[in-house]
Amino acid sequence: MILNLEPEERQIVQTFYQGFIEFVRIAVPILILVLGVIIGVLILVWLERKISAAVQQRIGPEYAGPLGIIQALADGVKLSLKEDIIPSQGDAWLFNLGPVLVTIPVLMTYLVIPFEYDIIPANFSIGLFFWIAVSSIAPLGLLMAGYGSSSKYSFLGGLRAAAQSISYEIPLALSVSSVALLSNSLSTVDIVEAQSKYGFWSWNLWRQPIGFIVFFIASLAECERLPFDLPEAEEELVAGYQTEYSGIKFALFYLASYPNLLVSSLFVTTLYLGGWHFPVPVLSNLLHSEWGPIIGSVQEVTEIVVGVTVTLAKAYLFLSISITTRWTLPRIRIDQLLNLGWKFLLPIALGNLLLTTSFQLLL
C-alpha cells in the first residue's frame with residue numbers, strides 16, 4: 001500500500017512510523033521502570049507490616065493474597081475509589097499540584113540507579129548530583145500542599161517538612177561527596193566498580209564509616225521516617241500536610257514516601273555496599289570467568305539476573321534495618337531534630353569530607 005502512495009504521502013507515513021517507533025522506544029522502558037517501582041513498593045509495604053507485626057507480637061496482614069502480600073494493592077484500589085475533596089477556602093492550584101510535585105522527582109531518581117553494569121536507565125556522568133538536585137524539588141511540593149490546604153495543621157506540617165529536608169539534605173550531600181572523592185567519579189556505575197576489587201573488604205562502608213552513619217540518619221530524615229516524622233506528627237498536627245487530602249491525592253503522598261525509602265536503600269547499596277557485586281570475591285570471579293563460546297549468552301543472562309538479585313537483596317536487607325528502627329525508637333521533638341541536623345551531622349559530615357580530601361591529596 002505504501003508503494004502506491006505519492007512521494008509526499010509516503011514521506012508523511014515514514015515520518016509517522018519513525019516517530020511511533022521512537023515513542024515506543026522511550027515509553028516502554030519508562031513503563032517497565034514504573035511497574036518495577038510499584039512492585040518494589042508493594043513488597044516494601046508488606047515487609048514493613050510484617051516486621052512491625054513481629055515487633056509488636058501481632059500476625060499482620062494475612063488474608064489479602066498469600067500471606068497478605070497484596071494488602072497494599074487492595075489499599076491502593078480503595079483509595080482510588082474514594083471521593084476527591086478540595087478545601088473550599090484553599091488554593092486549588094497549589095492543592096492539586098503538591099502531590100504531583102512530590103511524586104515525580106522521587107520516580108526520576110530511579111534513572112541513575114544501577115541494578116547491574118548494563119541495567120541502568122540513564123548512566124549520567126554526574127548521576128549523584130542529578131539525584132541530589134532532583135530530590136531537592138520534593139520539599140517544594142510539601143510546602144505547596146500545606147499552604148494550599150488553608151489549614152493551620154497542614155501549613156505547619158509543610159513548614160516542618162521544608163525545614164527538615166533542608167537541614168538534612170546538606171549533610172547527605174556532603175557524605176555523598178566523600179564517596180565521589182574516593183571513587184574519583186560522580187557516576188553511580190563507576191562508584192560500584194571501584195568497590196569490586198576485593199569483594200566485601202573493598203566496600204565503601206569500611207572506608208567511609210562516618211559518612212555511612214551520616215547518610216543513614218539523613219536518609220531517614222529525608223524520607224520522614226520515625227523518629228523523624230515531625231511533618232505528620234499525629235499528636236500535634238493531625239496528619240501534617242496530608243490532613244486535608246483524600247482519595248488518590250492522599251495515595252500519591254504514600255506513593256512518594258515508600259519509593260523514596262526504597263531509592264535511599266538502593267543508593268546505600270550503590271554507594272557503600274558494593275552494588276551488584278558478590279560480597280565474596282571467589283563467587284564473583286567464578287561468575288565472571290569464561291564459560292566457553294557455546295554458553296556465552298547464557299552466561300550474560302546469568303550475570304544480569306544474579307547482579308540484579310544481589311542488588312535487591314542488599315537493598316531489602318538494609319530496608320529491614322530502617323523498618324526496625326521506625327518501630328523501635330520514639331519520635332523526637334522538632335528542636336532536637338534541627339539541633340541534630342545543624343549542630344552535629346553537618347559539622348561531622350563536613351569534617352569527614354575534609355579528611356577524605358586530605359587523604360586523597362596525600363595518597
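Me: Against which helices do the buried residues of α5 pack?
Reply: This is a predicted model, and helix α5 spans residues 138–148. Its buried residues include Pro 139, Leu 142 and Met 144. The helices that the buried residues of α5 pack against are α3 (92–108), α4, α6 (152–183) and α11 (247–272).

Me: How many of the 11 residues of helix α5 are buried?
Reply: Helix α5 is described as mostly covered. Among its buried residues are Ala 138, Gly 141, Ala 145, Gly 146 and Gly 148. The number of buried residues in α5 is 8 of 11.

Me: Which residue just after α5 takes a positive phi?
Reply: Helix α5 covers residues 138–148. Just after this helix, a phi of about 55 degrees occurs. The residue with this positive phi is Ser 150.

Me: Is Ser 165 buried or exposed?
Reply: Ser 165 lies in helix α6. A residue counts as buried when its relative accessible area is under 20%. Because the relative accessibility of Ser 165 is 8%, this residue is buried.

Me: Which residues does Ser 165 contact, leaving aside its neighbours within four places in sequence?
Reply: Ser 165 belongs to helix α6, and the buried residues of α5 pack against several helices, including α6. One of those buried residues of α5 is Pro 139. With near neighbours in sequence left aside, the contacts of Ser 165 are Pro 139 and Glu 222.

Me: Which residues does Val 134 touch, not counting residues up to four places away in sequence?
Reply: Val 134 is part of helix α4, which covers residues 127–135. Its relative accessibility is 7%, so Val 134 counts as buried. Beyond four places in sequence, the residues that Val 134 touches are Pro 105, Met 108 and Thr 109.

Me: What distance separates the C-alpha atoms of Val 134 and Ile 104?
Reply: Val 134 and Ile 104 are 30 residues apart along the chain. Val 134 is found in helix α4. The separation of the two C-alpha atoms is 9.3 Å.

Me: Why are the buried residues of α2 on the same side?
Reply: The buried residues of helix α2 (residues 71–80) are Ala 72, Asp 75 and Leu 79. They lie on the same side of α2 because of the arc that they cover around the axis, which is only 60 degrees. In an α-helix there are 3.6 residues a turn, so residues that point the same way are three or four places apart.

Me: What is the area of the nonpolar surface patch that includes Phe 16?
Reply: Phe 16 is located in helix α1 (residues 7–55). With a relative accessible area of 62%, Phe 16 is exposed. Phe 16 contributes to a nonpolar surface patch together with Tyr 17, Phe 20, Ile 21, Phe 23, Val 24, Val 28 and Ile 32. The area of this patch is about 850 Å².

Methods:
Residues are numbered from 1 along each chain as its sequence is written. This is a predicted model: local features need pLDDT of at least 70, side-chain atom pairs count only at pLDDT 80 or more; totals for chains, interfaces and linings use all residues. Side-chain values use heavy atoms; hydrogens and water are left out. Helices (H or I, at least four residues) and strands (E, at least two) are DSSP runs, numbered from the N terminus. Buried means under 20% relative accessible area, exposed over 50%, partly exposed in between (1.4 Å probe, protein chains only). Contact means heavy atoms within 4.5 Å. The arc is that of the directions from the helix axis to the C-beta atoms. Patches are made of residues with over 30% relative accessible area and no salt bridge: like charges are joined within 9 Å, nonpolar side chains (Val, Leu, Ile, Met, Phe, Trp, Tyr) within 5 Å. Accessible areas come from the Shrake-Rupley method with a 1.4 Å probe; for residues, only the protein chains shown count as cover. A salt bridge is a side-chain nitrogen of Lys or Arg within 4 Å of a carboxyl oxygen of Asp or Glu.
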